[in-house]
Amino acid sequence: MIDGSIIVLDMGRLSRYTDRSRLSQFINRFWDAITLIEDRGEAIAFLKDLLTPTEIRMLAKRLQIADMIAKGHTYETIQAYAHVTGQTVCNINAKLEYGNDGLIKILEKLERIDQKRQDKLEGKRNIFEQPR
């Protein structure tokens, strides 16, 4: 907070916003919108309409960094692979260590999706899946 104002980072731009109540409403509405997304196609359409291509790339890189940290890659490897600074890797690591576990839960779900795709590529079949 600076001069009683809330500072909001807009993925690249900094703006001053003084009405906490209104900002809280905006944020809550955003969370509501996220929970309304029903599938991948809807998520893509929504986020492409809402975010710039640069913002999408930034979020995608953060997710990749988190995934690589979770899988035990070194900071140096992550920096080289994702073309990011050590500070960015450190910031994402802090979110994994001290955050609300939301990122970890998503990474776990993504790992299951990745495993299903890999199994499909290798011709493995889920024994609990109904025959086609």
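Buried means under 20% relative accessible area. Keep that cut-off in mind on this tour. The model on your screen is predicted.

**Stop 1: the whole chain**

Show the chain as a cartoon and colour by secondary structure. Now trace the chain along its sequence: the pattern reads β-β-α-α-α-α-α-α.

The accessible surface comes to about 11,000 Å². Carbon and sulfur atoms hold 55% of that area. How much of the chain counts as buried? Of its 132 residues, 14% do.

One more figure before you zoom in. Take the contacts with a separation of 6 or more: residues 24 or more positions apart account for 26% of them.

**Stop 2: a nonpolar patch**

Select Phe26, Ile27, Phe30, Trp31, Ile34, Leu47 and Leu50. Together they make a nonpolar surface patch of about 620 Å². Two elements give two or more residues each to this patch: α1 (20-35) and α2 (40-50). Which element gives the most? Helix α1 does, with five residues. Click on tryptophan 31 to see one member of the patch; this residue lies in helix α1.

**Stop 3: a salt bridge between Arg22 and Asp19**

The chain has three salt bridges to visit. Start with arginine 22 and aspartate 19. Show both side chains, which meet in a salt bridge at 3.8 Å, N to O. Are these two residues buried or exposed, or in between? Arginine 22 has 44% relative accessibility, so it counts as partly exposed. Aspartate 19 has 28%, so it also counts as partly exposed.

**Stop 4: a linked trio**

Next, select Asp67, Lys71 and Glu111. These three are linked in a network of salt bridges.

Look at aspartate 67 and lysine 71. Their side chains meet at 3.1 Å, N to O, in a salt bridge. Why does aspartate 67 count as buried? Its relative accessibility is 18%, and the cut-off for buried is under 20%. Lysine 71 counts as partly exposed, because its relative accessibility is 46%.

Now turn to glutamate 111. Its side chain meets that of lysine 71 in another salt bridge, at 3.5 Å, N to O. Where do the two partners sit? Glutamate 111 lies in helix α6 (residues 102-121), and lysine 71 lies in the loop between α3 (53-70) and α4 (75-82). The pair therefore ties together parts that are 40 residues apart in sequence. Check the accessibility of glutamate 111 too: at 36%, this residue counts as partly exposed.

**Stop 5: asparagine 93**

Finish in helix α5 (residues 86-98), where asparagine 93 is found. Is asparagine 93 buried or exposed? Its relative accessibility is 19%, so it counts as buried. Now look for its contacts, leaving aside neighbours within four places in sequence. Which residues does asparagine 93 touch then? Select Ile69 and Tyr75: both are in contact with asparagine 93.

**Before you close the viewer**

The patch draws on α1 and α2. The network holds Asp67, Lys71 and Glu111. Asparagine 93 sits in α5.

Terms used. Residues are numbered from 1 along each chain as its sequence is written. This is a predicted model: local features need pLDDT of at least 70, side-chain atom pairs count only at pLDDT 80 or more; totals for chains, interfaces and linings use all residues. Side-chain values use heavy atoms; hydrogens and water are left out. Helices (H or I, at least four residues) and strands (E, at least two) are DSSP runs, numbered from the N terminus. Buried means under 20% relative accessible area, exposed over 50%, partly exposed in between (1.4 Å probe, protein chains only). Contact means heavy atoms within 4.5 Å. Accessible areas come from the Shrake-Rupley method with a 1.4 Å probe; for residues, only the protein chains shown count as cover. Patches are made of residues with over 30% relative accessible area and no salt bridge: like charges are joined within 9 Å, nonpolar side chains (Val, Leu, Ile, Met, Phe, Trp, Tyr) within 5 Å. A salt bridge is a side-chain nitrogen of Lys or Arg within 4 Å of a carboxyl oxygen of Asp or Glu.
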